[in-house]
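Here is a structure to read for the first time.

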Amino acid sequence: MCEFIHNLEDFNTMIPKIVGIAGGTGSGKTTLARKIREGLGAASTLIQFDWYYRDLSYLPLKEREEVNFDHPASLESELLVDHLKRLKSGQPIDVPLYDFKTHSRLLNDTVHIDPVPVIVVEGILLFCFEPLRDMLDIKIFVDTDADIRVFRRIRRDMRERGRDFNSIRKQYYKTVRPMHLEFVEPSKRYADVIIPEGGDNLIALDLIIERLKQFAN
């Protein structure tokens, strides 16, 4: 935690600063990222690594559904690195959007993002790519028990992504769990600070927001 505070104190020397938030599926990292964004207001912006899934529209839908979306290769990390470099140099970007029901990019729909003092980036596999890690000024890992995470995953996929329980269960055992053990959990060692329960950890949330406010004004 002391190293985390020290890194935050260096924020005034580099603008914008990029805060990376990683953790397992359903860990609460997205909630944490959004609450940080809300706490900082217009001085911050949020980028989700999920937006950078590779476009699979060239494949039949049935083949798309068999792709391992929990493997690092499924994400266009090089594009995110390029975008973060541009934001750090003061240039705006147009971020792609992804349709999780069809597993394809919305090619005619993007999100325009301007450079701001604090850029929050969140994603399960964010710390698995060395070039991405090198772009992050602060790295936060959200650590939540597996049973809590899996129930959150089921609820999200059914409510937001139109999937049924059987397909969620099949994917969890086939790719989600093994990829978490192989890639996500080991990436925790790259974090500057580890936070249990993500956005539900109000003490950690308040600490992060109040510290970042000093550099967002």
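Q: What makes the lining of the largest pocket, and which residues lie nearest its centre?
A: In this predicted model, 27 residues line the largest pocket. Thr30, Thr31, Arg34, Arg156 and Glu160 lie nearest its centre. A lining residue needs an atom within 4 Å of a pocket point. The space in this pocket comes to about 690 Å³.

Q: Which elements give two or more residues to the lining of the largest pocket?
A: They are helix 2 (29-40) and helix 6 (146-160). Helix 6 has the largest share, with six residues.

Q: How do you know how the lining of the largest pocket divides into nonpolar, polar and charged residues?
A: Each residue is sorted by type. Asp, Glu, Lys and Arg count as charged. The lining of the largest pocket then has 15 charged residues, nine polar and three nonpolar.

Q: Where is the centre of the second largest pocket, judged by the residues that lie nearest?
A: Glu65, Phe69, His103, Arg163 and Gln171 lie nearest that centre. They are among 24 lining residues. The volume of the second largest pocket is about 540 Å³.

Q: Which elements give two or more residues to the lining of the second largest pocket?
A: Helix 6 and helix 7 (165-184) do. The largest share, five residues, comes from helix 7. By type, the lining of the second largest pocket has 12 charged, six polar and six nonpolar residues.

Q: Why is arginine 177 called partly exposed?
A: Arginine 177 is found in helix 7. Its relative accessibility is 44%. Buried means under 20% and exposed means over 50%. The value for arginine 177 lies in between, so the residue counts as partly exposed.

Q: How far apart are arginine 177 and threonine 25 in sequence and in space?
A: In sequence, 152 residues separate them. In space, C-alpha to C-alpha, they are 9.3 Å apart.

Q: How many cavities of 30 Å³ or more does a search of the whole structure find?
A: The search finds one. A cavity is a space where a 1.4 Å probe fits but cannot get out. The volume of the largest cavity is about 120 Å³. Its lining has 15 residues, and Thr25, Asp70, Ile124, Leu125 and Val184 are the closest to its centre. By type, this lining divides into nine nonpolar, four polar and two charged residues.

Q: Why is serine 74 called buried?
A: Its relative accessible area is 9%. The cut-off for buried is under 20%. The value for serine 74 falls under that cut-off, so the residue is buried. Serine 74 lies in the loop between helix 3 (61-64) and helix 4 (77-88).

Q: What makes the pair of serine 74 and histidine 71 a polar contact?
A: A polar atom of the serine 74 side chain lies 2.7 Å from the backbone oxygen of histidine 71. The limit for a polar contact is 3.5 Å. The distance is within it.

Q: Which residues is serine 74 in contact with, leaving aside neighbours within four places in sequence?
A: They are Tyr52, Tyr53, Arg54, Asn68 and Phe69. Contact here means heavy atoms within 4.5 Å.

Q: How do you know that strand 6 and strand 7 pair?
A: Pairing takes at least two bridges. Strand 6 (residues 138-143) and strand 7 have four, in the parallel sense. In one of these, phenylalanine 141 has isoleucine 194 of strand 7 as its bridge partner.

Q: Which residues form the covered face of strand 7, and which the uncovered one?
A: Val193 and Ile195 form the covered face of strand 7 (residues 193-196). Ile194 and Pro196 form the uncovered one. In a regular strand, side chains alternate between the two faces of the sheet.

Methods
Residues numbered from 1 in each chain as written. Predicted model: local features only at pLDDT ≥ 70, side-chain atom pairs only at ≥ 80, totals over all residues. Heavy atoms only, no water. Buried < 20%, exposed > 50% of the residue type's maximum accessible area, 1.4 Å probe, protein only. 1 Å grid on protein atoms, 1.4 Å probe; cavity = no way out; pocket = protein on both sides within 12 Å on 5 of 7 lines; lining within 4 Å. Points joined across faces, edges and corners; volume = space filled by probe spheres on them. Polar contact = N/O pair within 3.5 Å; in protein donor to acceptor, adjacent residues only side chain to side chain.
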